[in-house]
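Thanks for coming. I have one structure to go through today, and I will keep to a few places in it.

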Amino acid sequence: MSADPVRVGAVDDVEDAEEEEQASFLGASSGKVGMPKSLDVDDGAGEEGPGVASCRIFHLICCGLLSMAVGFMGAKFLRGRQDPFTPVSVACPVREPRSPASVRLPGPGMVELVGFNRAWLAGNGEYEDPIVVTGGAGYIGSHMSLMLLERGFDVVIVDNLSRGSMLAVKVLQAEACKLSRSIAFVNLDLGNHDQVTELLQRIQPRAVLHFAGNAYASESMEKPLLYYQNVTENTLSLLRAMAKAQVTNLVFSSSCATYGNPPQVPVTETVEQKPISIYGHSKLMAEKMIKAWASREGSNCATIFRYFNVYGADLQSRLGPVLRGPKLAQYGRLPDVLVEAALGLRSSVPIFGADLKTRDGTAERDYIHVWDLVHAHMDALAAMMLAGAQGDACVSDVYNLGTGTPVSVQQMLSATKALFPEAKFTVEVKPLRSGDPVSVYADPRKALAKFGWRAQIQNTTEALQTSVRFLQKHASYFHLALGDMKTLPDVRVPSTAPTAPTPGMVAPATPSLPAASPATPAPSAPGEYRSRYAEPANPWQAGDMPNATLNSTPWVVHRFSDPLASPRMCIQVLTIPSVKKGYLYWSFFILREYARRNGYDLYALTTKMNETRPPSWLKIRSAQAIIRSNTGCDYLFWIDGDAIIMNFSFRLENIIGYNGNKDVDVVVSGDTVAINAAMGLWKMTPWAYSFLEDMWNIGDVKLWETGAIAILIAGCKPSDPVNVKRACYEHSDKGWRNGTFAKHLKLAEPWAVQEMLVNKTLSDHMAWVPKRLINSYPKGLFGGMFDRATSPDFLAHFVAGGKNQIETWAKDSIARNKLLPDPSVPLWPPDPPNRV
Ligand SMILES: NC(=O)c1ccc[n+]([C@@H]2O[C@H](COP(=O)([O-])OP(=O)(O)OC[C@H]3O[C@@H](n4cnc5c(N)ncnc54)[C@H](O)[C@@H]3O)[C@@H](O)[C@H]2O)c1
């Protein structure tokens with residue numbers, strides 16, 4: 001395989017423009033005036049392109065180069081030279097050909113074939129189920145593209161870079177390479193109707209996600225025609241191109257600006273739209289055209305999302321809100337402006353209106369984290385594709401995307417000050433701008449009802465922190481002097497008390513569950529737990545976990561599942577600081593990758609949930625909370641942190657109905673003590689919830705949660721006296737004394753299960769599988785049989801000893817399951833950090 005690096009022949013004027021923007025932002029003299037040709041919608045279209053060389057380059061080298069590209073980009077700006085990593089076409093030939101239906105885009109050929117002057121490809125040129133993302137180099141569009149890649153889609157970005165960022169494009173190329181996906185970035189103006197049509201005809205995308213446009217209400221009041229052209233007219237042009245190319249699925253980014261000053265809050269989708277800005281009008285007109293296109297023309301299908309105020313950054317800090325140059329800085333969105341001010345990039349922050357008729361006199365908005373926002377698009381896309389696959393008519397509709405909670409300018413200011421107490425910037429109160437409403441926040445229940453979607457990141461501080469991390473990571477790209485920034489306190493996001501529901505909002509439906517028993521101990525006072533279990537310094541921060549798609553105390557949730565998957569499988573593991581050991585570093589990396597590849601959501605419990613007991617008990621509370629919380633999980637697999645997944649081809653669905661079992665509330669495997677509660681598959685049912693409550697209420701016993709379930713199996717109740725419970729435990733731990741019995745129980749032989757199961761009513765709810773199916777011990781450890789060299793067992797559990805072997809086993813799993821270390825994520829040094 002050859003490895004000649006790929007280069008685009010010449011640095012083009014778009015790159016120059018971007019460089020100029022950055023330089024200009026810093027006050028550096030670039031010899032040219034100010035901003036890129038941001039408002040010239042002809043920019044980039046119709047010109048002759050540079051000669052594009054292509055190559056086949058080995059996956060790792062290619063990803064490494066791109067990572068380096070991103071990492072070293074800052075040097076270019078600081079030295080005032082050209083970026084050594086101008087757009088490249090990158091081939092990552094690791095992927096097997098997937099589908100005969102794939103579209104192939106030969107890299108260099110694309111220029112001649114389709115006539116685009118600038119198309120940069122990453123991947124192997126094969127596009128399976130491609131999705132076109134207009135505005136994919138912009139803030140929201142780039143996050144969307146990233147999620148599409150992560151969810152296994154190939155992406156074609158159409159962007160004229162008027163406001164997008166090459167940083168985003170390069171990050172996306174690198175991610176595509178790592179994920180063995182293809183991404184094409186086509187530098188094309190949406191108004192170039194012929195070329196957009198030609199592209200759509202060529203690509204035949206499954207859907208177009210339309211983000212391109214200009215998006216500042218106050219700017220629209222100064223440049224109305226720009227907005228009518230770039231938002232309204234270009235949307236019309238796109239619809240016509242889609243019609244010609246017979247592309248029928250569209251998701252459109254509309255805005256709460258279409259509501260203007262709504263007569264009531266929270267705003268439902270049925271509230272009359274009376275925009276007060278040109279931007280709002282331009283979006284409303286686009287909405288009307290899309291509705292007409294969807295209702296009148298064949299099988300067209302449109303989802304229109306009305307976003308409220310979008311903020312925050314990718315949780316791995318790969319992407320985020322890109323700093324704008326000075327011309328656009330005046331229109332900056334409040335969260336971005338505040339973060340910039342806190343980092344010393346602005347000396348004052350203007351706020352518009354301080355004596356408004358709101359709770360604290362300042363304007364109120366509904367801030368929605370960009371990651372939540374793009375999740376909703378995935379849901380919409382999945383619904384469209386499902387309808388297509390089933391031959392159902394797709395239902396076009398409009399949905400608000402917001403949290404449902406108003407946050408005032410003053411509250412946002414306070415959140416920033418809490419994050420950066422040392423920050424010195426002044427606040428300048430100005431009159432409310434024309435085009436700005438006083439108070440707008442969403443009623444997002446329609447999206448909840450349709451897609452099961454709701455905003456998961458509700459904590460403003462947490463969300464702002466994601467932006468700060470992004471800017472820190474890419475400081476050199478933005479020419480940021482990091483000296484002061486590094487000394488800022490590393491703020492831990494405080495856990496949030498559940499927010500009171502917005503007036504008028506109905507809490508989402510929860511399954512009817514028994515109330516917690518009065519015997520449940522009260523939560524410990526803060527600090528009580530800590531005194532018993534010392535925490536290591538520098539506990540994992542939620543944001544340090546790669547691929548986390550949701551950062552909500554107490555879990556970091558890695559959402560990898562297809563929202564339409566049935567059943568939807570989830571995994572929970574404890575990563576709380578108290579159980580943090582060096583080996584968790586290995587097991588967690590492997591588990592996360594297992595979840596990602598198999599499409600399971602992974603719930604990593606990161607806090608102690610205020611309970612008083614040793615960590616392993618918390619699995620019970622965590623599982624109960626997951627049942628209660630409408631997570632969408634159908635089944636939850638418990639896995640202990642000292643287990644290493646060894647065989648990625650074993651799927652958790654295999655456990656359901658294994659060997660003719662019924663589909664029951666909980667599946668366990670036999671062990672020396674009835675079961676080992678480390679592993680088990682729980683169905684998200686009210687029965688499971690109440691059984692978990694009984695387990696909790698058994699109280700402090702030998703072997704903690706394993707002991708508790710063993711006592712219930714032996715027929716005891718939580719209210720039984722201690723000596724009775726002890727007798728129950730002794731019945732269930734027969735395997736310790738009788739090795740033959742243990743052997744049969746480990747094979748889940750029905751007679752052994754029945755002999756142990758005193759409470760026969762549990763037969764309706766519990767099933768046993770052979771121990772080795774889900775809970776193998778390494779050979780020589782506790783009578784374990786798992787021989788690494790020969791066995792294909794699902795996982796190796798290093799129970800009560802043998803932890804020193806974990807690293808070796810983990811490396812073996814990494815090799816046999818072909819997991820590649822991710823060079824851009826600091827979770828992969830050769831030595832696990834914080835070994836204790
Ligand atoms: N950010 C928000 O809070 C918010 C709120 C409501 C709605 N929206 C809408 O979401 C969409 C994305 O917003 P964003 O914040 O990511 O904006 P953005 O400016 O970061 O991204 C827009 C992208 O579209 C590209 N673009 C603009 N005109 C184009 C054209 N004619 N042809 C090709 N590409 C073009 C730009 O280069 C840029 O990359 C917009 O339509 C916006 O109106 C955003």
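Start with Ser 317, in the loop between strand 10 and helix 10, residues 326-329. This is a predicted model, so please keep that in mind throughout. The phi angle of Ser 317 is near 60 degrees, which is a positive value in a residue that is not glycine. Is Ser 317 buried or exposed? Its relative accessible area is 8%, and the cut-off for buried is under 20%, so Ser 317 counts as buried.

There is a second case of this kind at Ala 748. Its phi is also near 60 degrees, again positive and again not a glycine. Ala 748 sits in the loop that links helix 24, residues 739-746, with helix 25, residues 750-756. With a relative accessible area of 15%, Ala 748 is buried.

One more backbone point. The peptide bond that leads from Val 265 into Pro 266 is cis, and omega there is near -5 degrees. Pro 266 belongs to the loop between strand 8 and helix 9.

That brings me to strand 8 itself.

What does strand 8 pair with? Strand 7, residues 207-210, runs parallel to strand 8 and is joined to it by 3 bridges. In that pairing, Val 208 is opposite Leu 250. Strand 9, residues 301-307, also pairs with strand 8 in the parallel sense, over 7 bridges. There, Asn 249 is opposite Cys 301.

Now the ligand. How many residues surround the ligand? The count is 31, and the closest are Ile 140, Asp 159, Asn 230, Tyr 279 and Lys 283. By type, the shell holds 13 nonpolar, 12 polar and 6 charged residues.

A polar backbone atom of Ser 162 is 3.2 Å from an oxygen atom of the ligand. An N or O atom in the side chain of Asn 234 is 3.4 Å from a ligand nitrogen atom. An oxygen atom of the ligand lies 3.0 Å from a polar side-chain atom of Arg 333. On its own the ligand exposes 820 Å², and the protein buries 98% of that area. The elements that each give two or more residues to the shell are helix 4 (139-150), helix 8 (224-245), strand 8, helix 9 (278-296) and strand 10 (309-311).

In helix 13, residues 409-419, the buried residues include Val 409, Met 412, Leu 413, Ala 415, Thr 416 and Leu 419. They are on the same side of helix 13, because they cover an arc of only 160 degrees around the axis.

Last, Gln 201, which lies in helix 6, residues 193-203. Its relative accessible area is 42%, which makes Gln 201 partly exposed. Gln 201 and Lys 244 are 43 residues apart in sequence, and their C-alpha atoms are 7.8 Å apart in space.

That is what I have.

Definitions and conventions
Residues are numbered from 1 along each chain as its sequence is written. This is a predicted model: local features need pLDDT of at least 70, side-chain atom pairs count only at pLDDT 80 or more; totals for chains, interfaces and linings use all residues. Side-chain values use heavy atoms; hydrogens and water are left out. Two strands pair if DSSP finds at least two bridges between them. Helices (H or I, at least four residues) and strands (E, at least two) are DSSP runs, numbered from the N terminus. Buried means under 20% relative accessible area, exposed over 50%, partly exposed in between (1.4 Å probe, protein chains only). The arc is that of the directions from the helix axis to the C-beta atoms. A residue is near a molecule or strand if one of its heavy atoms lies within 4 Å of it. A polar contact is a pair of N or O atoms within 3.5 Å; within protein, one must be able to donate a hydrogen and the other to accept it, and residues adjacent in sequence count only if both atoms are side-chain atoms. Accessible areas come from the Shrake-Rupley method with a 1.4 Å probe; for residues, only the protein chains shown count as cover. Ala, Val, Leu, Ile, Met, Phe, Trp, Tyr, Cys and Pro count as nonpolar, Asp, Glu, Lys and Arg as charged, and the others, Gly among them, as polar.
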